[in-house]
Amino acid sequence: MQGYLSDWLVKHKLVHRSLGFDYQGIETLQIKTEDWDSIAVISYVYGYNYLRSQCAYDVAPGGFLASVYHLTRIRYGIDKPEEVCIKVFVPRNNPRIPSVFWVWRSADFQERESYDMLGISYNNHPRLKRILMPESWIGWPLRKDYITPNFYEIQDAH
C-alpha cells in the first residue's frame, strides 16, 4: 500500500523508498540526498504547499543523521488535509542536504536549528549559522556521541 505522493513518484520513475505509515496513517518516504531538491520542488508543485515542520535527529551513535520534513496539502474546503513525512538520511562525517528554504520559506529557522544542534549543513541556505548556541560553541549538542566540554559528573556525592 502506497500513499498518493509515493504513487505519483513511482509513476514518474523518481527513486524513493516507502517507510510505511505512522499511527495517523501518514506515509513516510525516504529520499536520497541528491534527489531531495528536485523532489521538494515536485512536492510543492503537486500541492504540498505547507511545510508543517522540519526537524532532525541522530539515528544511532556513529550512524546516520536524519532530516525530517512534514508536508501538508492545504486547500479550501478540506477537513483533513493530505500529509506526508519525508526523511533524508546523511552520513555524519559529511552531513550535507540541499536546503528547501527557496521552496518553503518556513524552513529558515528550522534548518538553522538542525544545523546548530546536529551539524547538518543545508546547501544554499541564505543564513546558515547557529541560532541557539553561541558562535563560539564547539560541537553539535544533540548528537549521541557528543561529549559536553568541561563536564564532570559528581558521583556518590553525600
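**Helix, rings and core**

Me: How far apart are the end C-alpha atoms of helix α3 (residues 107-118)?

Reply: Helices (H or I, at least four residues) and strands (E, at least two) are DSSP runs, numbered from the N terminus. The expected span of a helix is 1.5 Å times one less than its number of residues, and for the twelve residues of α3 it comes to 16 Å. The distance between the end C-alpha atoms agrees with this expectation, at 16 Å.

Me: What pLDDT is required for side-chain atom pairs?

Reply: Residues are numbered from 1 along each chain as its sequence is written, and side-chain values use heavy atoms, with hydrogens and water left out. This is a predicted model, in which totals for chains, interfaces and linings use all residues, local features need pLDDT of at least 70, and side-chain atom pairs count only at pLDDT 80 or more.

Me: Which elements do the buried residues of α3 pack against?

Reply: A residue is buried under 20% relative accessible area, exposed over 50% and partly exposed in between (1.4 Å probe, protein chains only). Ten of the twelve residues of α3 are buried, among them Arg112, Tyr115 and Leu118. Contact means heavy atoms within 4.5 Å. The buried residues of α3 pack against β3 (50-58), β4 (64-72) and β7 (121-123).

Me: Which residue follows α3?

Reply: The backbone at this position has a positive phi, near 80°. The residue is Gly119.

Me: How is the aromatic pair of Trp36 and Tyr69 oriented?

Reply: A pair of aromatic rings is described by the distance of the centres and the angle of the planes. Rings of Phe, Tyr and Trp (its six-membered ring) pair if their centres lie within 6.5 Å; planes under 30 degrees apart count as stacked, over 60 as edge-to-face and the rest as tilted. The whole structure holds five such pairs. For Trp36 and Tyr69 the centres are 4.7 Å apart and the planes make an angle of 40°, giving a pair that is tilted.

Me: How many residues apart in sequence are the parts that this pair ties together?

Reply: Trp36 is buried, at 0% relative accessible area, and Tyr69 is buried with a relative accessibility of 0%. Trp36 belongs to helix α2 (residues 33-46) and Tyr69 to strand β4, so the pair links parts whose separation in sequence is 33 residues.

Me: Which class does the pair of Phe101 and Trp102 belong to?

Reply: Phe101 is buried, at 5% relative accessibility. Its ring centre is 4.8 Å from that of Trp102 and the planes stand at 85°, so the pair is edge-to-face.

Me: Which residue has its charged end over the ring of Tyr46?

Reply: A charge sits over a ring if NZ of Lys or CZ of Arg is within 6 Å of the ring centre and within 35 degrees of the ring normal. The charge over Tyr46 is 4.6 Å from the ring centre. The residue that carries it also lies over the face of Tyr48, 5.8 Å from that ring centre. It is Arg73.

Me: Is Ser43 buried or exposed?

Reply: Ser43 is in helix α2. Beyond its neighbours within four places in sequence, Ser43 contacts Leu5, Tyr48, Leu71, Ile86 and Trp104. With a relative accessibility of 0%, Ser43 is buried.

Me: Is Tyr4 buried or exposed?

Reply: Tyr4 is in helix α1. Not counting residues up to four places away in sequence, Tyr4 touches Tyr46 and Glu82. Its relative accessibility is 58%, which makes Tyr4 exposed.

Me: What percentage of the residues of the protein count as buried?

Reply: The protein has three helices and seven strands, in the order α-β-β-α-β-β-β-β-α-β along the sequence. Its C-alpha atoms fill a box of roughly 60 × 35 × 30 Å along the principal axes. Of its 158 residues, the buried share is 40%.
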